[in-house]
Amino acid sequence: MPPAHKPGNGDDYTALPLDDGQGLAYPNVFLYDPQFKVLYLETNRMGVSPSKICAYFEARAIRDSIPTFWIEISPLLKKEAYERVENMVRIKYVNLKLAKPTGLLRNNLSKGSLRGLASISDQLNADKYMQCSFTADKVKSLKKGEILNIIDSFGRIHSEATELGREKGNKLIIKGNILDEDGAEIEDVVDFLLNKIDFRFSIEEPIIASNLQFMDRKNGINTVYMKLYKEVSTVVDSIQRLRKE
């Protein structure tokens, strides 16, 4: 919604007559990195969400009569999250909550343990969500290879439910032991819902909105891209290595 402007008056823009507490709903700026297939998306309270982006392209596919079309936008997890699990000498506990688990079977996204759980959900007709916990004996460890596969699949799942609130979305919590500087085991907890890559850039909102600040948004998203490039490349390389294994 542009600000009021009378043609012929140059840059004489007029502030919109908004009520107290009202404001403009700004657009989002996108940056796509084809090298790593990563989408950088500016988010705000009134902007576009990943699920709406997917819904848009799915609707276009139906309108254009594309027979087999599927799209997902999943959060990219921080490299520290992968490293912390890989550094665990013993994994003691895993808690998993997954929205629409039977979708894993339809999209053939999972393997190993997680696909087995998805099959159970399908047999029980539990298409809304599943939640389960696994605990190892005091001296044993859950299989790290399987846990890493679960992390990989978890990162690839398109979760529309997460936008409704943390309680209704996906979650993956892993507890285990790492070694401290003295070689003693201490507990570490990794919450993958909280350990997603997230970065902010600021835009100064003018008192009178004369434009949608396209260049400010472009410069902001480019700054985020440059600051996160190394971390994103490390994470993508780690994910690709896990999938080859």
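This briefing covers a helix, a set of paired strands and the aromatic contacts of one structure. The model is predicted. Phe36, Tyr40, Tyr225 and Tyr229 form one aromatic cluster. Strand β7 pairs with β5 and with β8. Helix α4 spans residues 113-124.

**Aromatic pairs**

- Four aromatic pairs occur in the structure.
- One of them joins phenylalanine 36 and tyrosine 229; the pair is tilted, with 5.7 Å centre to centre and 55° between the planes.
- Phenylalanine 36 lies in the loop between β3 (30-33) and β4 (38-41), and tyrosine 229 lies in helix α6 (residues 214-244), so this pair ties together parts that are 193 residues apart in sequence.
- Phenylalanine 36 is buried, at a relative accessible area of 13%.
- Tyrosine 229 counts as partly exposed, because its relative accessibility is 30% and buried means under 20%.
- Tyrosine 40 and tyrosine 225 also pair, edge-to-face, with 5.4 Å centre to centre and 80° between the planes.
- This second pair links distant parts of the chain: tyrosine 40 is in strand β4 and tyrosine 225 in helix α6, 185 residues apart.
- Tyrosine 40 is buried, with a relative accessible area of 7%.
- Tyrosine 225 is buried too, with a relative accessible area of 17%.

- Strand β5 (residues 90-99) and strand β7 (residues 171-179) run antiparallel and are joined by seven bridges.
- Valine 94 stands opposite isoleucine 174 of β7.
- Strand β8 (residues 185-191) pairs with β7 over seven bridges, again in the antiparallel sense.
- Asparagine 177 stands opposite glutamate 187 of β8.
- The hairpin of β7 and β8 has five residues between its strands, and glycine 183 in this hairpin takes a positive phi near 85°.

**Lysines over tyrosine rings**

- Lysine 97 lies over the face of tyrosine 129, 4.8 Å from the ring centre.
- Lysine 175 places its charged end over the ring of tyrosine 93, 5.2 Å from the centre.

**Helix α4**

- The twelve residues of α4 should span 16 Å at 1.5 Å a residue; the end C-alpha atoms are 17 Å apart, which agrees.
- Leu114, Leu117, Ala118 and Ser121 of α4 are buried.
- These four residues lie on the same side of α4, because they cover an arc of only 100° around the axis.

Definitions and conventions: Residues numbered from 1 in each chain as written. Predicted model: local features only at pLDDT ≥ 70, side-chain atom pairs only at ≥ 80, totals over all residues. Heavy atoms only, no water. Helix = DSSP H or I, 4+ residues; strand = E, 2+ residues; numbered from the N terminus. Expected span 1.5 Å × (residues − 1). Buried < 20%, exposed > 50% of the residue type's maximum accessible area, 1.4 Å probe, protein only. Arc of directions from axis to C-beta. Pairing = 2+ DSSP bridges. Phe/Tyr/Trp six-rings, centres within 6.5 Å; stacked < 30°, edge-to-face > 60°. Lys NZ or Arg CZ within 6 Å of the ring centre and 35° of its normal.
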